[in-house]
Amino acid sequence: VKETLTRFYILRTAWLYGKRGNNFVHTMLAALRSRDRVEVVNDQVGSPTNAADLAAAIIFILEAGGGRYGLYHFSGEGRTTWFDFAGRIYALARQHGVIGKDCSIEAVPSSRFPAGVARPAFSLLSKEKIKQAFGMEVPHWQDSLAHFFAANREYLCEMYS
């Protein structure tokens with residue numbers, strides 16, 4: 001895209017989750033519902049991104065226009081590990097009645113889950129460029145996750161209760 005066009009927007013994101021599709025939130029909810037103990041890696045750092053927030057950011061950028069084309073990063077504000085993200089998912093799932101049973105979440109190193117591809121230990125994206133270019137506020141990942149559970153409570157309860 002960058003080699004072909006002069007006017008473009010590229011948004012890089014990370015740790016994306018949403019109401020539908022295969023993502024970490026749904027993976028954790030399924031595991032928490034079906035197991036008494038779940039292991040989650042604790043040596044990878046990033047920032048979860050709610051798909052609704054990403055969609056809102058895309059609309060914001062397109063409506064703002066102004067020729068500020070380029071490559072931008074967008075993910076939730078703040079930082080966490082997959083383990084802490086899983087813990088927050090569990091807490092919110094319990095709070096909203098999505099998961100009704102106890103389950104322990106245990107921190108493990110990435111080496112416990114060998115993968116065909118290497119995962120970066122640190123995948124935090126800087127949002128400074130997008131904030132400065134568009135005056136955009138980026139929601140904190142914890143607030144977005146709480147909003148996700150509140151907005152999708154009924155759907156999630158149907159899926160995982």
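From the N terminus on, the elements of the protein chain follow the order β-β-α-β-β-β-α-β-β-α-β-α-α-α. The model described here is a predicted one. In total, the chain holds 6 helices and 8 strands.

## Overall form

Along its principal axes, the C-alpha trace of the protein chain spans about 55 × 35 × 25 Å. The chain has 161 residues, and buried residues make up 41% of them. Among contacts between residues at least 6 apart in sequence, 87% join residues at least 24 apart.

## How helix α1 packs against two other helices

Two packed helices are described by the angle between their axes and the distance between the axes. Helix α1 comprises residues 24-34, and helix α6 comprises residues 153-160. The axes of these two helices come within 10 Å and cross at roughly 45°. That angle makes α1 oblique to α6. The crossing of α1 past α6 is right-handed.

Which residues of α1 and α6 meet? On the side of α1 they are H26, L29, A30 and R33, and on the side of α6 they are Y155, L156, M159 and Y160. Sorted by class, this contact of α1 with α6 has 6 nonpolar, 1 polar and 1 charged residues.

Helix α1 also packs against helix α3, which comprises residues 82-95. The axes of α1 and α3 come within 10 Å and cross at roughly 65°. Here, too, α1 passes its partner, α3, in a right-handed crossing. From α1 the contact draws on F24, V25, M28, L29 and L32, and from α3 on W82, F85, A86, I89, Y90 and A93. By class, the contact of α1 with α3 has 11 nonpolar residues, no polar residues and no charged residues.

C103 is in no disulfide, and the nearest cysteine sulfur, that of C157, is 17 Å away.

Is C103 buried or exposed? C103 has a relative accessible area of 8%, so it is buried. C157 also counts as buried, at 15% relative accessibility.

C157 is found in helix α6. Leaving aside neighbours within four places in sequence, C157 is in contact with H96, G97 and V98. C157 and A93 are 64 residues apart in sequence, yet their C-alpha atoms are 8.8 Å apart in space.

W15 lies in the loop between β1 (9-12) and β2 (16-17). Most residues other than glycine have a negative phi, and most peptide bonds are trans. The phi of W15 is near 50°, a positive value in a residue other than glycine. At 13% relative accessibility, W15 counts as buried.

N50 belongs to strand β5, residues 49-50. Its relative accessibility of 5% is under the cut-off of 20%, so N50 counts as buried. Not counting residues up to four places away in sequence, N50 touches L16, Y17, S144 and F148.

H73 is placed in strand β6, residues 70-73. H73 and T13 are 60 residues apart in sequence and 6.0 Å apart in space, C-alpha to C-alpha. Beyond residues up to four places away in sequence, H73 touches R12, L125, S126, K127 and I130.

## Buried residues in summary

| Residue | Relative accessibility |
|---|---|
| N50 | 5% |
| C103 | 8% |
| W15 | 13% |
| C157 | 15% |

Methods
Residues are numbered from 1 along each chain as its sequence is written. This is a predicted model: local features need pLDDT of at least 70, side-chain atom pairs count only at pLDDT 80 or more; totals for chains, interfaces and linings use all residues. Side-chain values use heavy atoms; hydrogens and water are left out. Axes are lines fitted to C-alpha atoms, for helices over the stretch in contact, and angles run from 0 to 180 degrees between N-to-C directions. Helices (H or I, at least four residues) and strands (E, at least two) are DSSP runs, numbered from the N terminus. Angles under 35 degrees count as roughly parallel, over 145 as roughly antiparallel, 65 to 115 as roughly perpendicular and the rest as oblique. A crossing is left-handed if the near helix is turned anticlockwise from the far one by less than a right angle, and right-handed if clockwise. Contact means heavy atoms within 4.5 Å. Ala, Val, Leu, Ile, Met, Phe, Trp, Tyr, Cys and Pro count as nonpolar, Asp, Glu, Lys and Arg as charged, and the others, Gly among them, as polar. Buried means under 20% relative accessible area, exposed over 50%, partly exposed in between (1.4 Å probe, protein chains only). A disulfide is a pair of cysteine sulfur atoms within 2.5 Å.
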